[in-house]
Amino acid sequence: MDAERAARKDDHVRLAREQRDEPRGRTDFDDLEFVHHALAGVDAERVELSVRLGEWHWPTPFYANGMTGGTEWTTRINRELAIAARETGMPMACGSVSVALDDAEAAGGFAVIREENPDGFVMANIGVGRDADDAVRAVELLRADALQLHLNAVQETAMPEGSRDFSGWERSVERIIAASPVPVIVKEVGFGLSRRTLRRLAELGAQFADVSGAGGTDFLRIENARHDSASRSAGGDFAMLSGFGQSALACLLDAPADGPRLLASGGVRNPFDVVKALAAGAGAVGVAGSFLQPLLAGGAEALVPLIERWIAQTTAILALLGAETPAALGSTDLLVRGRLAEYCRLRGID
Ligand code: FNR
């Protein structure tokens, strides 16, 4: 792999990790509340957390979202993540495999996932704009059950080496969906998918979309931190876009009824956020940054107990809310406050 690409992969992990150490402000997840009904609870023993998404049956309603792979360090991360996924039954995605399609040596950084997790649900990941053949190769490389296709225009804009031409993206999405041997999940990388985008994705053939909204890992800041002073003075600094995009909950509440099946991610901090996203209409919930930190600190040995705790706590919260399944959360009473309520008002959502 060329040195610049390898450095970028490692930088993304290092800088995403550093963001976790910063004090965290209020997010849209804090603006969604449940009305508490003291007699509504059910027996936690009867709660069934598994979810069905089309043909898929996932043991947990949350999954590890696409992060990384290809370099020596990120291969180790993928190995630990794959072990944790195997031990818990949690579905997982890898980061963009583009690097492995261009460089056979980097392919080992992804093959490790199937070595450790031969039977689990694994999603390959590729960026929009690649050839349809590349999408097929990405799926084959991982014997993947699904393909994540990421749309990252905001990130590209903030990357010194990023693309400036997004005009072919709709055609690319359509081609990749048509060619992929497994269902495609079109996703953002932390800036959200709007109502208009979700409608368009459905027209382009997308069955699934992960809204991956703002408020968690912030790729504008990650890319800005990667700039050296030369690229900054050459106009490469896009810190002014800070706050761009919509949160996962804003996207879910704004989603069209005739769009793709929804997954949600972006800024999920704990099991209560998982439950809120499920209640707002997500079929399952993706987690990247919140799993990266324990993964880097203690590998699968740290991540497995964390996932087990998330399963137990999600179950307990569903029992409290009177929901025997994630789908039953649809009949809870939700209150929308603050910034999220303002978003709903401006978008005409009741
Ligand atoms: C990512 N993400 C990402 N997404 C993608 O589709 N392909 C990729 O290669 C990557 N790479 C990547 C690296 C690292 C280190 C992180 C933390 C994240 C984005 C990820 O899947 C997710 O959409 C966002 O991170 C928002 O979720 P969180 O982190 O707020 O839970």
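Predicted model: local features only at pLDDT ≥ 70, side-chain atom pairs only at ≥ 80, totals over all residues.
Biologist: How do α2 and α13 sit against each other?
Modeller: The axes of α2 (residues 72-88) and α13 (residues 289-321) come within 9 Å and cross at roughly 15°. Helices here are DSSP runs of H or I, at least four residues, numbered from the N terminus. Axes are lines fitted to C-alpha atoms, for helices over the stretch in contact, and angles run from 0 to 180 degrees between N-to-C directions. So α2 and α13 are roughly parallel; that word covers angles under 35 degrees, with over 145 being roughly antiparallel, 65 to 115 roughly perpendicular and the rest oblique.

Biologist: Which residues of α2 and α13 meet?
Modeller: Among them are Ile77, Leu81 and Ala84 in α2, and Leu295, Gly299 and Leu303 in α13. In contact means that C-beta atoms, placed from the backbone, lie within 7 Å. That contact divides into nine nonpolar, two polar and three charged residues. Nonpolar is Ala, Val, Leu, Ile, Met, Phe, Trp, Tyr, Cys and Pro, charged is Asp, Glu, Lys and Arg, and the others, Gly among them, are polar.

Biologist: Switching topic, where is the kink in α13 centred?
Modeller: On Gly299, and the kink is about 130°. The bend is the angle between axes fitted to the seven residues ending there and the seven starting there.

Biologist: What does α13 span between its end C-alpha atoms?
Modeller: Only 27 Å, while a straight helix of 33 residues would span 48 Å at 1.5 Å a residue. The expected span is 1.5 Å times one less than the number of residues.

Biologist: What comes after α13?
Modeller: Gly322, with a positive phi near 80°.

Biologist: And at what angle do α1 and α2 pack?
Modeller: About 55°, with the axes of α1 (residues 3-19) and α2 9 Å apart. That makes α1 oblique to α2. Lys9, Asp10 and Val13 of α1 make the contact with Trp73, Thr74 and Ile77 of α2.

Biologist: What about α1 and α13?
Modeller: Their angle is about 100°, with axes 9 Å apart, so α1 and α13 are roughly perpendicular.

How values were computed: Residues numbered from 1 in each chain as written. Helix = DSSP H or I, 4+ residues; strand = E, 2+ residues; numbered from the N terminus. Contact = placed C-beta atoms within 7 Å.
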